[in-house]
Amino acid sequence: MMKTLFTLLTFSLLCLLAGCTSVTVDEFKRGNATLDATDSVVVLGRRHSSDYETEPDLVSCIGSEISRGGDVTVIPENEFIDSVYPWFEPRIAPMSVRSLHRLAQRDDVAHVLREYDVHYIIWIDGHTETTSSAGSIGCSVGPGGAGCFGFGTWEKESAYEATIWDFDQGKVVGKISADASGTSYMPAIVVPIPLIARVQAGACEGLGTQLRKFLKPE
């Protein structure tokens, strides 16, 4: 009983010190991954939509999560896109594995894919947005000094889906999605104190960890 109460008090304190974030991860598998020591993985962000683009820092974060431990080689997004320019630019990037294989008939693209030993290409699609906000903070400067007073809060939601292409087998082998949400707070008594919910970071950690388990099952 005391242990449960202590856990709840600890969780509540952590929520007060930093905004709380909840993350849900779902996986759909069509096959098992087989990653040899010489194989590499490319993680790319989808940016073909007109109203949003998958954030480059989120794509980089997921790549770092997958390569954590040093046993999975992840080619940095910018490096790969530059090496096959312009074929993976947002407007003309392949939208299916079949399109990728048609593109790989080009000698220059095939050369890059062979050089990197690309086995899996992972497309990340989604974004993080602020869904609501409330409250206000006012600041003033007077003869006695400056200060702020008020309270602000805002909510963010992340929704991302990773589609895993097996280049060697020419098929989609899995999809993993991560949804995260959280509320941030900004109390201000003389000085504003931001308590930020790490929504995008939570989605990155959840999605990256699950992708790593998919590629390197224990």
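Modeller: Terms to begin with: two strands pair if DSSP finds at least two bridges between them. Strands (E, at least two residues) and helices (H or I, at least four) are DSSP runs, numbered from the N terminus. The model is predicted: local features need pLDDT of at least 70, side-chain atom pairs count only at pLDDT 80 or more, and totals for chains, interfaces and linings use all residues. Residues count from 1 along each chain as its sequence is written, and side-chain values use heavy atoms, without hydrogens or water.

Colleague: How many bridges join β4 to β5?
Modeller: 22. β4 covers residues 118-142, β5 covers 145-166, and they run antiparallel. D125 sits opposite E161 of β5.

Colleague: And what's the strand order in the sheet?
Modeller: β1-β6-β5-β4-β2-β3, six strands, open, with mixed pairing. β1 (21-29) and β3 (73-75) are the edges, each pairing on one side only.

Colleague: Which strands does α2 touch?
Modeller: Helix α2 (56-67) packs on the sheet, touching β2 (40-45), β3, β4 and β5. Contact means heavy atoms within 4.5 Å.

Colleague: Switching to the largest nonpolar core. Which residues touch the most other members?
Modeller: I122, I124 and L211, out of 28. A nonpolar core is a set of buried Ala, Val, Leu, Ile, Met, Phe, Trp, Tyr and Cys residues joined through side-chain atoms within 4.5 Å. Buried is under 20% relative accessible area (1.4 Å probe, protein chains only).

Colleague: Which element gives the largest share?
Modeller: α6, with seven residues.

Definitions and conventions: Axes are lines fitted to C-alpha atoms, for helices over the stretch in contact, and angles run from 0 to 180 degrees between N-to-C directions. Buried means under 20% relative accessible area, exposed over 50%, partly exposed in between (1.4 Å probe, protein chains only).
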